[in-house]
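Let's take a walk through this model, from the overall fold down to single side chains. Keep the viewer open and click along as we go.

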Amino acid sequence: MSTPITLQTILQSGEWNDAEFKEARNSLPKSAFETVSAFANTHGGWIVLGIKQDGERFEICGVDEPDKIQNDFLSVLHADNKVNHDLDISEHRHIQDGKTVLAFHVAENPRSRKPVYLDGDIRRTFIRKGGGDYKAQPRDIERMLRDANADRWDGQPFTRVDLAEALHGSSLKWYRDRFHAANPGFDVEQPHLDFLYDWGYLVKDGGRLLPTRACIGLFGSLRAVRNLLPRPILDVQFLGYGSHDEMPETRWIDRLVCEENILQSWQQLLAKYLFFMPKTFRDIDPATLERRDAPAGFRVFREAAMNLLIHQDYGDHSRKAVIRFFTDGIELWNPGDSFGDDARLLEPGEKEVRNPAIAMALRRIDMCEQAGTGLRMMRREWQALGHAEPVYTNDRVRKAFELFLPDEVSRSIADTTPEVTGEVTGEVTGEVTGEVERMIRVVVGEMSRMQIQAALGLKGEEHFRNAYLKPALIAQVIEMTLPDKPTSRMQRYRLTELGKAIRQRSMSASKDHDPSPTDTDLKGNTE
């Protein structure tokens, strides 16, 4: 049962995604039932009868026959075939100046009772967007049906690739090394197939063993993963602008598209994250004798990334998960909303998840927090680092979940790359690294990566990219000629206006230095 609302609250709220006003003075409009479907399929909301709109204002006009209107509304909803699922509706009456207003609260239906549609026609499924009701598109209906299925996606068997070719041995070894370290007492010599069968990642079908979709998602070979998922698991973008800035011509500084299994995707993401994030040396781990220098906020980022990999709707082949590193924060966007009630997402306790087999596999190796604690831990630890509170949006309409971690990247890029400030046309007040400045001095017109590298006299491509090219792109002193195709063989690089200004300053500061791109001093600067 919902909490009653006051008329003042009704009038002040206006129509939006949780409130719909109808005049309904003498009769019930048919569109009211479309609103019922829309609210039940999204976040729930109020249908309020007896309020009319005058321009941008809403006024109480009252319902002439409240008993009849209320009975008509509820009796139609309970009639056969009007709606396909039971609904949780509570009714409230408000009387002011002798005028009666009827308010009906329609609760969101649980995932197992969606989609809610009208007149026995699934095409008459509605969703709520802003202040309006819209017919759901086929892809919206498919997502609701997939989530309503009692058999979770990741527990279903996979048959498109033979078991002998379906597993990635290195991923299994990586996982089992961590599993046995976190769970002592299990047989480390147990064959892989027996291990997977014991934990439910292989199932018997007649006389053969079949991997589940969770098994392929976690441990699958490239062939098996691509036969299971025709789209990438993850798209990671490192961007040189803020989350609210207009998109510049150079869309990203670096990009990683993960098309292999979940464990491999995590390892690829981790390598990129550690490259871009600053690491402060603390001490040596006495067990592994390795440096303990994880970036500040690493635990929060790992939890956010694990949530993205665990809760993703892998059955949605039209969208992929995206992580965007902006200069003012990290945005993680996932196809697939959270099953839990929005109001209880931060509460402790077990919550239903979209991919329970994948979730349990990662929890067994301590890659994520225990159920029901992740969002609370992220909020607590992120704020303890001095950042603003993480912001999340559980979008029932688009069936998506978005998390934004403010500020981390702006600190990271400021700590790991040179700061360049001031107007390009005025004084250049910042500094760039010596490597970047040397690169600026050799770039003439539009040059390929190999041409710039040769002009610098550098032999190692990886060293050139890490020490010269990427820092120069991040500092926005050079730009790509084909920003939408960063890996194109036709890619060229040129100085930005800022780069030209820094070059001019550098040349002025060393009048006795030959500024020619063929400078022998630069050619002698090899690895």
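The protein chain's secondary structure comes to 19 helices and 21 strands; here helices are DSSP runs of H or I with at least four residues, strands are runs of E with at least two, and the numbering starts from the N terminus. The model is predicted, so local features need pLDDT of at least 70 and side-chain atom pairs count only at pLDDT 80 or more, while totals for chains, interfaces and linings use all residues. Residues are numbered from 1 along each chain as its sequence is written, and side-chain values use heavy atoms, with hydrogens and water left out.

Of the 527 residues of the protein chain, 50% count as buried, where buried means under 20% relative accessible area, exposed means over 50% and partly exposed is in between (1.4 Å probe, protein chains only). As for contacts (heavy atoms within 4.5 Å), among those between residues at least 6 apart in sequence, 66% join residues at least 24 apart.

For a covered element, look at helix α2, residues 31-41: nine of its 11 residues are buried. Among them are Phe 33, Val 36 and Phe 39, along with Thr 35, Ser 37 and Asn 41.

Next, helix packing. Two packed helices are described by the angle between their axes and the distance between the axes. In this model the axes are lines fitted to C-alpha atoms, for helices over the stretch in contact, and angles run from 0 to 180 degrees between N-to-C directions. Helix α6 (residues 169-182) packs on α10 at an angle of about 75 degrees, with the axes 9 Å apart. That makes α6 roughly perpendicular to α10; the cut-offs are under 35 degrees for roughly parallel, over 145 for roughly antiparallel, 65 to 115 for roughly perpendicular, and oblique for the rest. Ser 171, Trp 174 and Tyr 175 of α6 make the contact with Leu 263, Gln 264, Trp 266 and Gln 267 of α10. By class, that gives four nonpolar, three polar and no charged residues, counting Ala, Val, Leu, Ile, Met, Phe, Trp, Tyr, Cys and Pro as nonpolar, Asp, Glu, Lys and Arg as charged, and the others, Gly among them, as polar.

Now try helix α15 (residues 434-442) and helix α16 (residues 449-456). Their axes come within 10 Å and cross at roughly 110 degrees, so α15 and α16 are roughly perpendicular to each other. Arg 438, Met 439 and Val 442 of α15 meet Ile 452, Ala 455 and Leu 456 of α16, a contact with five nonpolar, no polar and one charged residues.

How many salt bridges does the structure hold? The count is 36, taking a salt bridge as a side-chain nitrogen of Lys or Arg within 4 Å of a carboxyl oxygen of Asp or Glu. In one of them, the side chains of Arg 93 and Asp 67 meet at 2.1 Å, N to O. Arg 93 sits in strand β5 (residues 89-96) and Asp 67 in helix α3 (residues 66-78), so the pair ties together parts that are 26 residues apart in sequence. Arg 93 is partly exposed at 42% relative accessible area, and Asp 67 is partly exposed at 47%.

Asp 313 forms a salt bridge with Arg 146, with the closest N and O atoms 2.9 Å apart. Asp 313 is in the loop between α11 (298-311) and β16 (321-326), Arg 146 is in helix α4 (residues 138-148), and the two are 167 residues apart. Asp 313 counts as buried at 4% relative accessibility, whereas Arg 146 is partly exposed at 24%.

Lys 272 and Asp 254 pair up as well, at 2.6 Å, N to O. Lys 272 belongs to helix α10 (residues 262-276) and Asp 254 to strand β13 (residues 254-258), 18 residues apart. Both Lys 272 and Asp 254 are buried.

Some salt bridges form a network, which links Glu 108, Lys 114, Asp 147, Asp 337, Arg 354, Arg 396 and Lys 399. Zoom in on Lys 399, in the loop between β18 (391-395) and β19 (400-406). Is Lys 399 buried or exposed? At 7% relative accessibility, Lys 399 counts as buried. The Lys 399 side chain makes polar contacts with the side chains of Asp 147 at 2.9 Å and Asp 337 at 3.1 Å; a polar contact is a pair of N or O atoms within 3.5 Å, and within protein one must be able to donate a hydrogen and the other to accept it, with residues adjacent in sequence counting only if both atoms are side-chain atoms.
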